[in-house]
Amino acid sequence: MSNRLEGKVALITGAASGVKGETMGFGGAAAWLFAAEGAKVAVCDIKDEQGKKTVTQLREAGHEAVFISLDVTSEEQWKRAITETVKAFGKLNVLVNNAGMGYMEKVEFMTVEQWDYEMAVHAKGTFLGTKHAIPEMRKAGGGSIVNTSSIFGFVGSPDSTAYHAGKGAARIFTKAAAIQYAKENIRVNSIHPGGVVTPMTEQMLSKRRVREAFEAKVPMGRLGMPEEIARGMVFLASDEASYITGAELVIDGGFIAQ
Amino acid sequence: MAGRLEGKVALISGGATAHKGNVLGIGGAAAWAFAREGAKVVLGDLDDVRGEEAAAQIRESGAEAAFVHLNATLEPNWEKAVAFTLKTFGKLNVVVNCAGTTAIGGVEQTTEKAWDSQLDVHAKGVFLGTKHAIPAMRKSGGGSVVNISSIDGIIGNAHAVAYSTGKGASRIFTKAAAIQYAKENIRVNSVHPGYTDTPLARSAIAELEKDGIPDPRIPRVPLGRLAKAEEIANGILFLASDESSYVTGAELVIDGGMTAQ
């Protein structure tokens, strides 16, 4: 393909969803696009088996990739993941905080345990990844952090609760980090996908009624594809976005513009 | 290697700032980026001399380019520019509404004439460009309209109230148009540059400094520097290309963190 990320090392969380022939997630699609643009990729996930399969396929396609097991809610695991990435590829230029999950529960039915876990993944996970990437990016003379938030970091929905709070937290945490590290040329931006069929959403969106109801709300009249989100990640990760920090890239077919 | 805009035809208002020898404007930098990525480019501008020369410079680089006189505030000019584009290159896939001027002044200092002129350029100009691009894009099976708003369409600019208002209008007009034409695969997005070193900005700052107001820009930017027009053009390119196939009604802020603080 081309070389928009030539010479860069990227760590992507939630990237086990890159197995060819299976439904891809944003992280998996990003791993493939980043590699195709010349990046070396650390594929991180709690799903070891799928993650290793993704890496095997990336390598078979001629790309450089490693799998690192990572639970983004654990600071110890983050330290190890960053160390292993630098050990494998010598540096760290790009971090994509993409690992995610979602409980479909209304406010009154959501348990505190569900709330705490979901907030840990979306808010604390993004914080910890950013915290431990900064020192390595500083050594590299700068870097780019892309945080996967959501349109649900802007607006509410009928059936999710902590998902909105967590994605809203990631959205504004992004700006705080962006301002703090701008002078060191470490850019931090958020990306806000709309409705896309991924391993996380496919069960919900496989119900025709749910899918059609969602599509009806999208001005473009269709769901997005994981690659369409991953292309935004490539743009923000690359030096093309050299003056973009603290910004929100919405990729939603017009959902929140109405 | 195929370009990211291979096979596309683009019309860029404010395109005469592609003239080499000057600092590039945003429309001009976009024209060069588009040409590099394989697009055929029509530069529309009020400045016929620089516009023709800029188109010739792009052709000398090996790309296809043409110039058409365009006052973005006049509907017949837009009709003519779109017709010229179709006649010259056969279709229209991308419009960049970039033509802009500025008027220094707070609320009390802004004359009605200055107000009207700013709203004409930034609001009506964007409306007219979009209006006349739509039928041509429909024939091409879709298209991308990129409206150059500003961070001043998001936050207030005390020194340029009419400019700020016009940029706010183009920001929200973008969403109205995006929703209306999404089903036809015509995407409409806005770009919000921060402080960028362009011919327009240089003249505005010179005017401020003449009034004894020091250049307020760099200390306010978290990245600590002005943008180059090329950095804005990279974002315009992303929105113009099929890479952004699911992006419509969105705002791409390119401001070095200015509005995130």
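I began with a residue pair: A:Ser144 stands opposite A:Arg187 in S6(A). The model is predicted, so I took local features only at pLDDT of at least 70 and side-chain atom pairs only at pLDDT 80 or more, while totals for chains, interfaces and linings use all residues. Residues are numbered from 1 along each chain as its sequence is written, and chains are lettered from A and ligands numbered from 1 in written order.

I then looked up the strands, which, like the helices, are DSSP runs numbered from the N terminus (H or I, at least four residues, for helices; E, at least two, for strands). S5 (residues 143-148) and S6 (residues 186-193) of chain A pair in the parallel sense over 6 bridges; pairing requires at least two DSSP bridges. I traced the open sheet of 7 strands in chain A as S3-S2-S1-S4-S5-S6-S7, with parallel pairing. S3 (65-69) and S7 (248-251) of chain A are the edge strands with a single partner each, so one side of each lacks a neighbour in the sheet. Neighbouring strands are turned by 20° against each other on average, direction ignored.

Next I checked helix H5 (residues 162-181) of chain A, which lies across S5, S6 and S7 of chain A at about 165° to S6(A). Contact means C-beta atoms, placed from the backbone, within 7 Å. Axes are fitted to C-alpha atoms, for helices over the stretch in contact, and angles run from 0 to 180 degrees between N-to-C directions.

Last, I noted that the axes of H1 (residues 26-36) and H8 (residues 226-237) of chain A come within 8 Å and cross at roughly 55°.

How values were computed: Two residues are in contact if their C-beta atoms, placed from the backbone, lie within 7 Å.
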